[in-house]
Amino acid sequence: MKKLSLVLVLLLSISNIYAQTKQDALVLYHNGRYRESVQVCEEELKENPNRVESYVVMCWSLVKNKQYAEAEQRATEGLVISPYDLRLVEILAESKYYLGKNQSAMEHFQRYVANAPESGSRVGTAYYFMGEIFIKQARYQHADIALSSAVKKEPLLDSWWARLGYAREMAGNYIEAINAYDEALRLNSSSYDASRGRERVSAKLQ
């Protein structure tokens, strides 16, 4: 009986240690220790190659650490295991964006926003990146629509409002551009992009 109790205690201890290890990668990620987070995820995947959560946290950490090619590769591997995991779809889109693969990034962002839930997701971020891609393509009306959707989801980011103002300015929608620049300045009075943009637009309206 004592031997059985000791075995149970030992098994529970191992289980608790393993559970803590599984959580460590996410904790490390939230603490900005991205390389260590990746290492923990690698260890988890050695134990279980089909562990999707490890792919997700690893890719988040790789993107934060600006290892975009690695993030693209590992997100692609994760999607082989779980083709409908929208977190990996969004991570893959971001990775491709930073690698300059704009068309492929756009396709993945569009897939993400079409399927992601309204709450607890990165829909606002996806719309922001879509807006940036449209700006690069000089499709400013499309950029306006995407960035308007982004600030609707996350209205407190002054840099996003400034980019919306720029898209509207480039599209020739000057009054709406001023409105966006003003909102950026309301959120951050020292925003250089917003103040310079407002000056340009104001000069055009005189």
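**Terms and values**

Reply: Let us begin with lysine 66, which lies in the loop between α3 and α4 (68–81), where helices are DSSP runs of H or I with at least four residues, strands are runs of E with at least two, and both are numbered from the N terminus. This is a predicted model, in which local features need pLDDT of at least 70 and side-chain atom pairs count only at pLDDT 80 or more, while totals for chains, interfaces and linings use all residues. Residues are numbered from 1 along each chain as its sequence is written, and side-chain values use heavy atoms, with hydrogens and water left out.

Me: Why is lysine 66 called exposed?

Reply: Lysine 66 has a relative accessible area of 63%, so it counts as exposed, since the word applies over 50%, buried applies under 20%, and partly exposed covers what is in between (1.4 Å probe, protein chains only). Lysine 66 also has a positive phi of about 60 degrees, although it is not a glycine.

Me: What makes alanine 138 partly exposed?

Reply: Its relative accessible area is 46%, and therefore alanine 138 is partly exposed. Alanine 138 lies in the loop between α7 and α8 (140–153), and it has a positive phi of about 60 degrees although it is not a glycine.

Me: Why is aspartate 24 called partly exposed?

Reply: Aspartate 24 has a relative accessible area of 36%, so the term partly exposed applies to it. Its place is in helix α1 (residues 2–30), and its C-alpha atom is separated by 9.2 Å from that of glutamate 36, which is 12 residues apart from it along the chain.

Me: What makes a set of residues a nonpolar core, and how many residues has the largest one?

Reply: A nonpolar core is a set of buried Ala, Val, Leu, Ile, Met, Phe, Trp, Tyr and Cys residues joined through side-chain atoms within 4.5 Å. The largest one has 58 residues, and those with the most contacts inside it are Leu88, Ile91, Phe109 and Tyr112.

Me: Which residues does isoleucine 91 touch?

Reply: Leaving aside residues up to four places away in sequence, isoleucine 91 touches Val56, Cys59, Trp60, Val63 and Ala75, where contact means heavy atoms within 4.5 Å.

Me: How many helices and strands has the chain, and how much of it counts as buried?

Reply: The chain has 11 helices and 0 strands, and of its 206 residues 41% count as buried.
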